[in-house]
Structures are given as C-alpha cells and as structure tokens.
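Let's take a look at this protein chain together. Keep the sequence and the 3D view at hand while you read.

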Amino acid sequence: MGDSANTTDKAPKQNFIKGLKAEFHKIIWPTKDDVAKKTGAVVSASVVLGLIIALLDMIIKYGFDKIL
C-alpha cells in the first residue's frame, strides 16, 4: 500500500549540492554599510514607535483616571 512502483525518481545528492552552490553564487549579499543603515533605521523607528505608544498609553490612562 505504501510502496511506490518507481523509487529511482530522486535526484542524486551530488546534483543537489551542485545546484545549491550555483544558487548561492546568484545571491547578491548586502554590504556592511547597507546593513548598518537599515539596522539603524529599524532601531530608530522602533524607538519612536515605542515612545508614541507609551505616550498614548499614559494619556489614555490619565483620561480614565479622571473619568472614574
């Protein structure tokens, strides 16, 4: 029931490794400057967003305290 009629359809591992190496040569890796700039942008955006959320949280909390 679980037997397949043709089990030789798998590609040899040698071809897989060669194909993998060929694909890795196609990758365009970012430079250190690009990584540093993008990391700085993500960190600064995260800090700004965190400050905005904290400020809104304090405003809403203050408002509920006054209402209740």
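## A chain out in the open

Leu68 is exposed, with a relative accessible area of 86%; exposed means over 50%, buried means under 20%, and partly exposed is in between (1.4 Å probe, protein chains only). You'll find Leu68 in the segment after helix H2 (32–67).

A quick word on where this comes from: this is a predicted model, where local features need pLDDT of at least 70, side-chain atom pairs count only at pLDDT 80 or more, and totals for chains, interfaces and linings use all residues. Residues are numbered from 1 along each chain as its sequence is written, and side-chain values use heavy atoms, leaving out hydrogens and water.

The protein chain has two helices and zero strands. Both kinds of element are DSSP runs numbered from the N terminus (helices are H or I with at least four residues, strands are E with at least two). Of its 68 residues, 0% count as buried.

Now for helix H1, residues 13–26.

The rule asks for a side-chain nitrogen of Lys or Arg within 4 Å of a carboxyl oxygen of Asp or Glu, and the count comes to one. Glu23 and Lys26 lie three residues apart in H1, about one turn of the helix. An α-helix has 3.6 residues a turn, so residues three or four places apart point the same way.

Here is how the two partners sit:

| Residue | Relative accessible area | Class |
|---|---|---|
| Glu23 | 45% | partly exposed |
| Lys26 | 59% | exposed |
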